[in-house]
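This report looks at how one chain of an assembly is folded and how it meets its neighbours. Please keep the sequence and the structure in view while reading.

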Amino acid sequence: MNIIVSSIDFILNWGRSNSLWPFTFATSCCGIEMMQTSASNFDIARFGSEVFRASPRQADLLICAGTITHKMAPALLKLYKQMPEPKYVIAMGACACGGGMFADDSYSVVKGIDKIIPVDIYLPMCPPKPEALLDAIMKLQKNIRKESFLDRDKFVSAHCSRLKEREDILVIDNDIQVTYWGVNGND
Amino acid sequence: MNYLYFLYIQFLLNHNIPKIFGDITFPFIPFCIVAAMIIFVVLVLVLLERKVLALFTQRKGPNRVGPWGMFQTIADAIKLLCKQNIDILGSDKFLFNIAPIVVFVPVMMLWGIIPYSSEFVFMNFSVSVLLYISIAALPVIGIILSGYASNSKYSLIGAMRSGAQIISYELPIMFVLLSIVALSSSMNLKDIVYSQLGEGAILCWHVFPCIVGFIIIFICMLAELNRCPFDLPEAESELVAGYNTEYSGMRFALFFLAEYALMFIMAAFLATLFWGGYLPITGKYISEIFFSDNQFLPVFIYFEQFFWLMIKTFILVFLFMLVRATLPRLGTQSLMKLSWYLLLPLSMINFIVIIIFKYFIEGGVL
Amino acid sequence: MFLNKLKAIIEGHFTVFKHSFKKRITQEYPEVKQDLPENFRGVPDWYAEKCIACKICEKVCPANAVRIEKGVDNVKFGLNLSKCIICGNCAYNCPKNAIIMSKNYETAVASKSLLIIEKNSKDNNYE
């Protein structure tokens, strides 16, 4: 039984890790570095992920490149939910990781996208070099090769244990409420 | 396929298998060949396109998965097979599921029409050209179904654009095909290939009297394939991903498969009509020099003809990719203008010129 | 007018085709790394033996990412990478050059707790 599971895991993880199709989602200056990564000098196509899909239904990897404001939070959450499993998230840049320079006294910025969606890889710096993004993708590939298809649900539930859904509210966290028109409460 | 049938029955009789078994199984062999070829050719084509686009932009392309990135598309296929299929809220479930199949099946039928060599013709009709053009217009029904069933405005607009595009680009194709039929005085693809056989080798190809028609049909094929610069139905800057916005996993992979299979078969069709099909570029078969004493010389020649057709097809596919790498996307207005104001009148004039050419130089129209 | 457009389109195709014979400029990133410029700023590095705990870096940091704590016989240094914007103010204003911007930029981690770098002058493995 273990042999069957591990061999299925090997094939699935090999396929998934080698064809991470990113989703075109760039909200600010880190997006420029993401574009640079797919350009000639640091060719993201070498890892098989130059297929930037515009539709979330066909993407596997959400590279959240840039600041997420309270206005953008419901859109990010909706797009994440529209992606089919298996889906992975890279938080690119300090703003996406934990608010960056807006972390202390901004009234309009979500302090880290991990308050809204589960994150697989954090990539700080302001902004990271294109090589750093390639490094993050390689680390994500390493993580995918280690995981088992039986444990994927556990990862999501462990990261979204506090998430609930109501009709008017998309996410209720400890200190953040994402509604359809923005974010309620002081986070 | 008479010679191959003869060889197959003889092979079975040598192993003491009755003839009736061969009669039943023989029709299934072409089907299996086509099905295997589609999968193989699409996997190669997708990788080739990514590599060639990388070549034009001085990149390296996929080179991490397997040797020279050869297993890249296999990894993509495994991932797409195992991806979650999302059922869309408010969609028409039956039409939504059946649309990719409606797109894919006509494309698969087209693969049987092309004469791969003088023996490998799986469906040999006297009106192959007519049949081709009527089947090649069918996938748009699947595209419109997918747009209608998805319950998404982007899908619907993309599907409508695709329908409008194919209607307006079908007419110039018809006129160019008419001129080819007039040149070879037959609608059978095999006869069209034979009419390009002659002393001059390359000079007898239809592309030389009909060069304007070749350029017109090349542009129209690009439009019918929904490829750059005519990829308005999938324009990601306006419509998220066009008609396949709501499709994920295997259903999306079927659209993908159909698009590339259609691209390959259209290139093969163009090569058959204009570049002499399976006839050799050199004018003489190479295997005639090397295997002149062998009793299986006809079999060698069949495979050599297949090889020549593949070379011509891949050159045309390379041209498709070159156009994609060069030109930006057209606007909706200029797309329609290009067809109705320029290509359609030009193809009509081309048709008349070809008829006159045929009448005065080769004597008689039919 | 029309002929000019046609000429431009054909020229464009030739230009693109010519590029396929040029040298590929892609760098194989993990094996071959680009030379960094002299004043490139990576993650700030802290050297405990030079630090005098004057807390200037804490005051000049625009994002409040640096934290210095003075104990009885030791100094603690904390850096929150999820706030740090790599502006280099702390290194520029440090009177003893105890903070130096390193050339390290490969900072991707799998867990958020690893984003906070904490060093203590008592530990020997702060390098």
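How many residues does the contact take from chain A and from chain C? It takes 31 residues from chain A and 29 residues from chain C, where contact means heavy atoms within 4.5 Å. The model is a predicted one, in which local features need pLDDT of at least 70 and side-chain atom pairs count only at pLDDT 80 or more, while totals for chains, interfaces and linings use all residues. Residues are numbered from 1 along each chain as its sequence is written, chains are lettered from A and ligands numbered from 1 in the order in which they are written, and side-chain values use heavy atoms, with hydrogens and water left out.

The size of an interface is often given as the accessible area lost when the parts come together. Buried area here is the accessible area (1.4 Å probe) that two parts lose on being put together, summed over both.

| Partner of chain A | Residues in contact | Buried area | Share on carbon and sulfur |
|---|---|---|---|
| chain C | 31 from chain A, 29 from chain C | about 2500 Å² | 59% |
| chain B | 31 from chain A, 32 from chain B | about 2500 Å² | 58% |

Between chain A and chain C there are three salt bridges, a salt bridge being a side-chain nitrogen of Lys or Arg within 4 Å of a carboxyl oxygen of Asp or Glu. One of them joins Arg46(A) to Glu28(C), with the closest N and O atoms 3.3 Å apart. On the side of chain A that touches chain C, the elements giving two or more residues are helix 4 (94–98), strand 4 (121–123) and helix 5 (130–146) of chain A; helices (H or I, at least four residues) and strands (E, at least two) are DSSP runs, numbered from the N terminus. Helix 5 of chain A gives the largest share of this side, eight residues.

Between chain A and chain B the count is five salt bridges, among them the one between the side chains of Asp60(A) and Lys79(B), at 2.9 Å from N to O. Helix 1 (residues 2–18) of chain A gives the most to the side of chain A that touches chain B, with six residues.

**The sheet of chain A**

In chain A, four strands form an open sheet in the order 1-2-3-4 with parallel pairing, where two strands pair if DSSP finds at least two bridges between them. Strand 1 (22–23) and strand 4 of chain A stand at the edges with a single partner strand each, so one side of each is left without a neighbour in the sheet.
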